[in-house]
Amino acid sequence: MVAADFLQDPQVRQWLDGVEPAWTVLTFDSLRALRQQPSAGQTAIQLATDFSADEIAGSAVARNTLILLRQAIERDGLPLTATGNLSRAVVAEMCELIEWPHYDQAEPFRFNKVINEPDFLPLHVVRLLAQAAKLVRAQRGKLVATPQGKSMLSDARQGSLPTMLFRFAFWHMDLGYFGRGLLGSWPQADMGIVLWSLSVSADGWQTNEKLTRLCTIPEPAILSGTWDRSTYAFEARILRPLLWFGLLEYRSEKMPDSRFTAWHYYRKAELFDRLLAFDVKMDFAEGPRH
């Protein structure tokens with residue numbers, strides 16, 4: 001856990017730059033409980049499982065997973081390459097079907113007439129996640145829907161799809177993939193702490209940099225680097241995936257006198273508090289708590 005004098009460390013104070021992390025008000029027991037993934041016996045994090053069709057449509061991940069499942073079923077499987085990715089022909093067709101928040105669908109085609117699955121991020125994310133959740137599987141050179149995947153198209157099961165995908169994405173997949181391997185798997189081990197911190201910190205627009213400091217526990221690798229990689233890693237692994245799930249909203253503002261850089265802002269979407277609930281206790285006593 002966090003040492004009692006952790007927040008007094010000069011490197012930590014410098015990194016925080018005056019920001020008081022949200023998680024510092026949690027009791028030790030609640031902090032520890034949030035480090036466990038949600039389950040029937042661990043209620044610090046509670047996930048809703050009764051989403052309407054409109055709510056599912058508000059989640060790009062859930063919405064496009066249903067598209068992938070329907071395509072796999074209607075076409076009796078989708079052709080795969082030798083590396084296990086969907087074929088280029090399938091990718092080209094799926095580009096016409098998939099919509100993704102704040103993603104330029106034409107970008108991958110600017111330099112190539114045909115693209116591979118990993119080059120089209122939305123489809124790659126959906127395929128990886130659906131396969132990890134055992135909704136689809138590779139079979140005889142095709143991606144086919146599993147019995148569980150087929151069942152998700154029924155009205156009775158669709159309401160639980162966002163929750164299933166969310167659980168697999170944030171507690172079972174390696175989100176470090178989206179951060180190009182920087183800083184290992186940080187901050188995924190603290191996922192519950194991060195999500196609770198966002199729940200109390202992101203009601204209004206906040207920059208990605210401030211949310212990084214409000215919602216994460218820094219590790220030595222963050223503090224010792226020659227440049228601060230934490231904001232990039234946090235945005236790539238946590239903020240953007242939450243945006244894909246429909247739990248966050250995003251906007252940007254161009255920086256003055258800068259042609260290419262911009263400030264990135266995030267805030268909670270309505271679906272955040274609809275999906276996630278927390279049972280934790282807070283301690284507002286003076287002085288260091290962890």
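How do the residues of the lining of the largest pocket divide into nonpolar, polar and charged? Twelve are nonpolar, two polar and three charged (Ala, Val, Leu, Ile, Met, Phe, Trp, Tyr, Cys and Pro count as nonpolar, Asp, Glu, Lys and Arg as charged, the others, Gly among them, as polar).

This is a predicted model, where local features need pLDDT of at least 70, side-chain atom pairs count only at pLDDT 80 or more, and totals for chains, interfaces and linings use all residues. Numbering starts from 1 along each chain as its sequence is written, and side-chain values use heavy atoms, without hydrogens and water.

**Stop 1: the pocket.** Select Leu-121, Phe-178, Arg-180, Arg-240 and Trp-244. Of the 17 lining residues, these lie nearest the centre of the largest pocket. The space there is about 550 Å³. A pocket is an open set of points on a 1 Å grid over the protein atoms alone, where a 1.4 Å probe fits, with protein on both sides within 12 Å along at least five of seven lines; lining residues have an atom within 4 Å of a point. The volume is the space filled by probe spheres set on the points.

**Stop 2: helix H13.** Select 230-244. H13 gives the most to the lining, six residues. Helices (H or I, at least four residues) and strands (E, at least two) are DSSP runs numbered from the N terminus.

**Stop 3: Glu-235.** This residue is in H13. Glu-235 counts as buried at 5% relative accessibility (under 20% relative accessible area, 1.4 Å probe, protein chains only). Its contacts (heavy atoms within 4.5 Å) include Tyr-250 and Tyr-266.

**Stop 4: the sheet.** Tyr-250 stands opposite Tyr-266 in S7. Seven bridges join S6 to S7, antiparallel (strands pair with at least two DSSP bridges). The open sheet runs S5-S7-S6.

Definitions and conventions. Buried < 20%, exposed > 50% of the residue type's maximum accessible area, 1.4 Å probe, protein only. Lists of a residue's contacts leave out its neighbours within four places in sequence.
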